[in-house]
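Keep the viewer open and follow the stops in order. Each one gives a selection and then what is found there.

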Amino acid sequence: MSNATKILILTSFLLAVIVLIGVVMWNKPHRDVEDASTIKTTPDDLYNEFVKDSAQAKTKFINKVVSVSGEIAETFANEQYQTVVQLKTSTPNVFINCTFEQKEVSVKKGMTIAVKGICDGYNSGDAEMGLPGDVVLVRCYVKK
Amino acid sequence: MRSPLTQQPIRKKYFTKNGLISFFSKAQLENIKADNNQVLSTIDVGTGGIQFSVLINGFHFPKATMEEHFNEDYMESSKYPKATFKGKITDLSKVDFTKDGVYKVNVSGDLTMHGITKPNFSTDGTITIKDGKISANSKFMIELKDYNIKIPKVVASNIAEKIEITVVCSYPNKM
């Protein structure tokens with residue numbers, strides 16, 4: 001086998017490996033929230049941390065799997081028929097807004113549950129909107 | 001039949017914290033769709049004022065890597081965490097909030113994303129009144145370059161330069 005052939009085979013092999021790594025990385029799955037370890041907190045503590053020190057709360061919670069125990073203020077289906085649970089805080093009209101990835105969720109208003117999900121942050125309007133925001137959790141599961 | 005809105009004094013402002021905004025990119029190599037189901041929105045039926053606020057990292061993609069690139073490379077969501085729209089229904093007189101129907105409207109206002117505000121952004125949409133409940137829908141295009149969103153050349157064939165935005169918001173709550 002000539003040197004040129006060897007180089008061609010080696011280059012082709014390296015290219016194939018690079019492409020394979022690229023395809024695997026591109027298709028890597030989402031995090032498994034259901035079995036992930038969590039940062040435990042309460043609805044009031046979670047909301048207050050975002051209000052008191054937004055920068056610190058972002059570092060601590062955003063994109064992390066958080067578990068929150070609280071009373072259900074309301075539950076309904078969103079525009080894509082996913083279950084949404086609003087956990088009460090002691091601030092009027094402020095909730096921990098939990099959108100479920102779990103398909104069958106057996107919950108109702110007034111129940112106390114523990115929810116785990118990824119924290120997206122605190123979505124607030126400006127003063128003109130006149131509406132306090134919620135802390136948002138997504139891809140949620142009822143914590144067993 | 002009288003709608004529920006006619007049986008009680010009309011409240012001015014309605015809101016949702018779980019509206020839907022989706023975007024769709026149709027490019028040479030692949031189509032990409034992402035959804036955000038935690039849209040905060042208010043509508044004032046007295047003035048026609050309409051506002052939206054959405055967390056950028058709340059857009060969820062079919063693939064984890066797409067989500068990472070979107071947040072870290074294109075939208076820089078830690079630097080610019082929200083997109084907002086603050087505007088008005090310019091032809092509010094077309095809408096009878098006391099009568100069921102689908103009303104075509106125009107909305108105009110300030111659209112802010114990636115740290116850039118486009119004033120007088122205008123688009124068409126519909127206001128639907130059904131059994132006294134209000135919902136708003138719209139579909140429009142935005143150009144990434146208008147908001148200084150840069151796509152590296154190496155993935156240019158994966159992401160469209162013009163993105164289709166779809167808004168679906170029902171307003172079940174009164175303020």
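Start by selecting Asn148(B), which sits in the loop between β7 (133-143) and β8 (162-171) of chain B. Strands here are DSSP runs of E with at least two residues, helices are runs of H or I with at least four, and both are numbered from the N terminus. Asn148(B) is not a glycine, yet its phi is positive, about 55 degrees. Its relative accessibility is 39%, so Asn148(B) counts as partly exposed. The scale: buried is under 20% relative accessible area, exposed is over 50%, and partly exposed is in between, with a 1.4 Å probe and protein chains only.

A word on the model before moving on. It is predicted: local features need pLDDT of at least 70, side-chain atom pairs count only at pLDDT 80 or more, and totals for chains, interfaces and linings use all residues. Side-chain values use heavy atoms, without hydrogens and water, residues are numbered from 1 along each chain as its sequence is written, and chains are lettered from A and ligands numbered from 1 in the order in which they are written.

**Strand β6 of chain B**

Select residues 116-130 of chain B, strand β6, and pick out Asn120(B). Asn120(B) also has a positive phi, near 55 degrees, in a residue other than glycine. Is Asn120(B) buried or exposed? At 64% relative accessibility, Asn120(B) is exposed.

Stay in β6 and select Thr128(B). Thr128(B) is buried, at 18% relative accessible area. Show its contacts (heavy atoms within 4.5 Å). Neighbours within four places in sequence aside, Thr128(B) contacts Gly101(B), Val102(B), Lys133(B), Ile134(B) and Ser135(B). Now draw a distance from Thr128(B) to Glu76(B): C-alpha to C-alpha it is 35 Å, across 52 residues of sequence.

Go to strand β1, residues 13-26 of chain B, and select Ser22(B). Ser22(B) is buried, at 8% relative accessibility. Which residues does Ser22(B) contact, leaving aside neighbours within four places in sequence? They are Lys33(B), Ala34(B), Asp35(B), Glu164(B), Ile165(B) and Thr166(B).

Next, select Asp44(B) in strand β2, residues 31-44 of chain B. Asp44(B) is buried too, with a relative accessible area of 11%. Not counting residues up to four places away in sequence, Asp44(B) touches Lys12(B), Lys13(B) and Gly49(B). From Asp44(B) to Asp124(B) the C-alpha separation is 17 Å, at 80 residues apart along the chain.

**The cores**

Select Ile127(B), Ile134(B), Ile142(B) and Tyr171(B): these have the most contacts inside the largest nonpolar core, which has 45 residues. A nonpolar core is a set of buried Ala, Val, Leu, Ile, Met, Phe, Trp, Tyr and Cys residues joined through side-chain atoms within 4.5 Å. A second, separate core has 23 residues, including Val68(A), Ile96(A), Phe100(A) and Val115(A).

**Two helices of chain A**

Select α2, residues 43-52, and α3, residues 54-61, of chain A. They pack at about 130 degrees, with axes 5 Å apart. Axes are lines fitted to C-alpha atoms, for helices over the stretch in contact, and angles run from 0 to 180 degrees between N-to-C directions. That angle makes α2(A) oblique to α3(A). From α2(A), Leu46(A), Glu49(A), Phe50(A) and Lys52(A) take part; among their partners in α3(A) are Ala57(A), Lys60(A) and Phe61(A).

**Between the chains**

Finally, show both chains. How many residues of chain A are in contact with chain B? There are 36, in contact with 37 residues of chain B. The two chains bury about 2,800 Å² between them, 48% of it on carbon and sulfur atoms. Buried area is the accessible area (1.4 Å probe) that two parts lose on being put together, summed over both. Select Trp26(A), Glu79(A) and Met129(A): they supply 27% of the area that chain A buries against chain B, more than any other three residues.

End on Trp26(A), in helix α1, residues 3-26 of chain A. Trp26(A) is partly exposed, at 25% relative accessibility. Its contacts, sequence neighbours within four places aside, are Glu30(B), Lys63(B), Thr65(B), Met66(B) and His69(B).

Definitions and conventions
Angles under 35 degrees count as roughly parallel, over 145 as roughly antiparallel, 65 to 115 as roughly perpendicular and the rest as oblique.
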